[in-house]
Amino acid sequence: MAVPKRKTSRSNTRHRRANWKASAVRLVPVTVDGATRLVPQHLVPAYRRGLLRPEP
């Protein structure tokens with residue numbers, strides 16, 4: 001495991017942490033049972049196989 005050589009200032013730590021942001025999920029149109037819905041891209045195969053049902 002990496003060990004820091006010296007203490008990082010509070011300002012530097014907070015500036016670094018401030019840049020980590022969650023990105024919005026990409027929604028893709030999928031047609032299931034004749035209805036087109038927007039679903040997250042990583043769940044498209046599950047919707048096509050019928051493992052997940054889209055909400056009305």
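What follows is a tour of the chain, from confidence to surface patches to a salt bridge.

Before you click, note that this is a predicted model, where local features need pLDDT of at least 70 and side-chain atom pairs count only at pLDDT 80 or more, while totals for chains, interfaces and linings use all residues. Residues are numbered from 1 along each chain as its sequence is written, and side-chain values use heavy atoms, with hydrogens and water left out.

**Stop 1: colour by confidence.** Colour the chain by pLDDT, the predictor's confidence in each residue, from 0 to 100. The chain's mean is 88, and 98% of its residues reach 70 or more. Now pick out the elements; helices (H or I, at least four residues) and strands (E, at least two) are DSSP runs, numbered from the N terminus. Helix α1, residues 10–18, has the lowest mean pLDDT among the elements, at 87. Strand β1, residues 27–32, has the highest, at 91.

**Stop 2: the positive patch.** Select Lys7, Arg10, Arg14, Arg16 and Arg17, which gather in a patch of positive charge on the surface. Patches are made of residues with over 30% relative accessible area and no salt bridge, with like charges joined within 9 Å and nonpolar side chains (Val, Leu, Ile, Met, Phe, Trp, Tyr) within 5 Å. Lys and Arg count as positive and Asp and Glu as negative; His and the chain ends are not counted. The place of a charge is taken as NZ of Lys, CZ of Arg, CG of Asp or CD of Glu. Accessible areas come from the Shrake-Rupley method with a 1.4 Å probe, and for residues only the protein chains shown count as cover.

Zoom in on Arg14, which sits in helix α1. Its relative accessible area is 54%, so Arg14 is exposed (buried means under 20% relative accessible area, exposed over 50%, partly exposed in between; 1.4 Å probe, protein chains only).

**Stop 3: the loop between α1 and β1.** Select Ser23, which is in this loop and is exposed at 65% relative accessible area. Draw a C-alpha to C-alpha distance from Ser23 to Leu51: the two are 28 residues apart in sequence and 26 Å apart in space. Ala24 is in the loop too, exposed with a relative accessible area of 72%. From Ala24 to Pro40, 16 residues apart along the chain, the C-alpha separation is 9.9 Å.

Val25 is also found in the loop between α1 and β1, and at 52% relative accessibility it counts as exposed.

**Stop 4: the salt bridge.** How many salt bridges does a search of the whole structure find? There is 1, taking a salt bridge as a side-chain nitrogen of Lys or Arg within 4 Å of a carboxyl oxygen of Asp or Glu. Show the side chains of Asp33 and Arg53, which meet at 3.1 Å, N to O. Asp33 lies in the loop between β1 and β2 and Arg53 in the segment after α2 (44–49), so the pair ties together parts that are 20 residues apart in sequence. Both residues, Asp33 and Arg53, are exposed, with Asp33 at 69% relative accessibility. Check the backbone of Asp33 as well: its phi is near 55°, a positive value in a residue other than glycine.

**Last stop: His42.** Select His42 in the loop between β2 and α2, where it counts as exposed at 61% relative accessibility. Its C-alpha is separated by 36 Å from that of Val3, 39 residues apart along the chain.
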